[in-house]
Protein chains: 2
Amino acid sequence: MNHHYTYEQLFDFTYNVFKKIGCSNEHAAIASKALLSADLRGIESHGIARLSGYIRLWEAGRINSAPDIKVIHETPSTAVIDGDKGLGLVVSYYAMQTAIEKAENAGTGWVSVKNSNHFGIAGYHAMMALQHDMIGIAMTNASALVAPTFSIERMLGTNPIAVAIPAKTQPPFVADFATTTAANGKLEIAQRKQQDIPTGWAQTKDGKQSTNANVIKEGGALLPLGSDREHASHKGYALASIVDIFSAVLSGASYGPWVPPFPAYVPMPQNMPGEGLGHFFGAMRIDAFRTKEDFYFHIDNWIQRFRKAKPSEEYNHIIIPGDPEREAEERHLREGLYLLTPVVEDLLQLSKRFSINWH
Amino acid sequence: MNHHYTYEQLFDFTYNVFKKIGCSNEHAAIASKALLSADLRGIESHGIARLSGYIRLWEAGRINSAPDIKVIHETPSTAVIDGDKGLGLVVSYYAMQTAIEKAENAGTGWVSVKNSNHFGIAGYHAMMALQHDMIGIAMTNASALVAPTFSIERMLGTNPIAVAIPAKTQPPFVADFATTTAANGKLEIAQRKQQDIPTGWAQTKDGKQSTNANVIKEGGALLPLGSDREHASHKGYALASIVDIFSAVLSGASYGPWVPPFPAYVPMPQNMPGEGLGHFFGAMRIDAFRTKEDFYFHIDNWIQRFRKAKPSEEYNHIIIPGDPEREAEERHLREGLYLLTPVVEDLLQLSKRFSINWH
């Protein structure tokens, strides 16, 4: 079994799977590109490893492969989009395009989305703004795994925030992070390696600090960025809450402990107060604030100055947000991508089921 | 010496001091209200304790008490404001008003500000949006005290973010936090009490973790929210960077290690790439997304559900962002405010210098 693939091989396969479940050519391409951007950028937990999960959601009737995605409310700089239970990977593309179009006319565009599903990595959607000389923003809520400060109840998702800022001589600034101390994927890695996790990542169901990588499966919770009260976990809790409110309370999606789960075998929450997952997107035209020339001169200067910040003894240099992901993307496009055996086995199942050639 | 005062006593005194340095009646009232909101909300480090600091900046010619604050660039949903070296307390009021007016017409309003000074607490400005049925956002850069992840150089300020979200039957959600693990004021408290600080708040000039409350004075740096790499300090570093770029690179203010200091005795940075401090404000009209009725129903539901989240054994209940500050404000308006002796001595000096009656 060959575990090394080119991007094109993975794209073709993913595209054909999405076609088989009923996506249009256009939607299948949009979804494949968004999904695989995670693998390219080194965030394998959110990429092709989740393809079979999306298919199971479609089987369970929770994803509509031919959605009628539409704007249901708008002003010159805002819109609310109903995703019609579509793939978040697809709905988000149209929502971000809408934000960009609003920004062309009004200076900025802000789009809150309801009735959607998981959208892959936030950074991919935020980066759509870059080629338009705009700052892009993307965030989403997600099913509850995180306990607020002082609580033992899972109330919030890992609710990521991405901000992409264009530059000219320098590569863009792209921050993309969960509002928890550690993403759930990091716990999964520790589980596979049978390793402990650092304190500050998760707590037991009784609210005690834990180094057990399986603590979430045992009723525990991830901790908000900051880890504990003394290290300001109330700030991570506030950030995750803001993402939840912008994504869902503004749009009419479900929120807090009622956000639908990703695994199709997990029952839907009872008495959901809204429809599906929620996202929030923003686009700000650079020249809505100052000339592009001035902005690009200073953002390049900002990035160059930070790149030269004096490193501590243990490190050679500091990192500008987006550096590691961009380097991974360049490497993966050049050298191809490696997939883990369980992922390959998953894809083989899909290839049999849908009679799609697998490499 | 009586250290207990009513809000009105402190307001009259502050108002008269601002009048004496040349502020108009309107500006003196705006500045006093903004400054004292910090004392009311229990963030004493940013309130009347800083009044003499603002006066010293005026003496040093770094603050213009009669600024010509004007919009120098705009689109339907954006503006850039030149603060003309005014008090940030005053400039921010006009900037936030501009954001609110933009939002009335375009759905949202976003204002980046250059050539300003320290603006007090971010939350006060964000909360201006609440009475207009809008979400308010405020952030500012500040002089460099924070080392990015992997660095030992002070490159960023404590760069706070505030987000105020209106509610109806519930009090509003008001998050207001520095993007560091601990605000500098917390180190100052430990210094006064001659106590150690927890690890994760600050590092030495060589980048080692430190529990010495005086470590900043000895060339050390505050740590970004997250504290260290293992606990995701790169996320706090990214957040502080976003605040810096939105506040200054979008507006033409100074940024990164070149942000002007608050103490008037500290020399201005050499080769500043922009003018003064920068801020960034946003206002989003609720009904630019959905009807007020729907929004208020669900935000009240969100807040009530989170308030009922199961607390851990050690705590009675969890906190909604803004709860402690609102309770402090209600108490202070009812019972008055206590000032520390060094603050009272500072105010006595000001009362003599400007011949203003001190209680």
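Two residues are taken to be in contact if their C-beta atoms, placed from the backbone, lie within 7 Å. The structure described here is a predicted model, and this report turns to the single chain before the pairing of the copies.

Chain A contains 10 helices and 12 strands. Its radius of gyration of 20 Å is close to the 21 Å given by the globule rule for 359 residues, so chain A is as compact as a globular protein of that length. The C-alpha trace of chain A spans about 55 × 50 × 45 Å along its principal axes. Of the 359 residues in chain A, 58% are buried. Among contacts in chain A with a separation of 6 or more, 61% join residues 24 or more positions apart.

Between the chains, 67 residues of chain A are in contact with 68 residues of chain B. On the side of chain B that touches chain A, the elements giving two or more residues include the strands β2 (70–75) and β4 (108–116) and the helix α7 (233–249). The largest share of that side, eight residues, comes from α8(B). The classes of residue on this side of chain B are as follows.

| Class | Residues on the side of chain B that touches chain A |
|---|---|
| Nonpolar | 36 residues |
| Polar | 23 residues |

Chain B is superposed on chain A by a rotation of 180° with 0.0 Å of shift along its axis, at an RMSD of 0.0 Å. The two copies are thus related as by a two-fold rotation axis. In chain B, the C-alpha of B:G226 is the nearest to this axis, 2.4 Å from it. Of the interface residues of chain B, 99% are also interface residues in chain A, so the copies meet through the same surface.

Technical notes:
Residues are numbered from 1 along each chain as its sequence is written. Chains are lettered from A and ligands numbered from 1 in the order in which they are written. This is a predicted model: local features need pLDDT of at least 70, side-chain atom pairs count only at pLDDT 80 or more; totals for chains, interfaces and linings use all residues. Helices (H or I, at least four residues) and strands (E, at least two) are DSSP runs, numbered from the N terminus. The radius of gyration is taken over C-alpha atoms; the globule rule is 2.2 Å times the number of residues to the power 0.38. A residue is buried if 20 or more other C-beta atoms lie within 10 Å of its own, exposed if 12 or fewer, and partly exposed in between; C-beta atoms are placed from the backbone. Ala, Val, Leu, Ile, Met, Phe, Trp, Tyr, Cys and Pro count as nonpolar, Asp, Glu, Lys and Arg as charged, and the others, Gly among them, as polar. Copies are superposed by least squares on the C-alpha atoms of residues with pLDDT of at least 70 in both.
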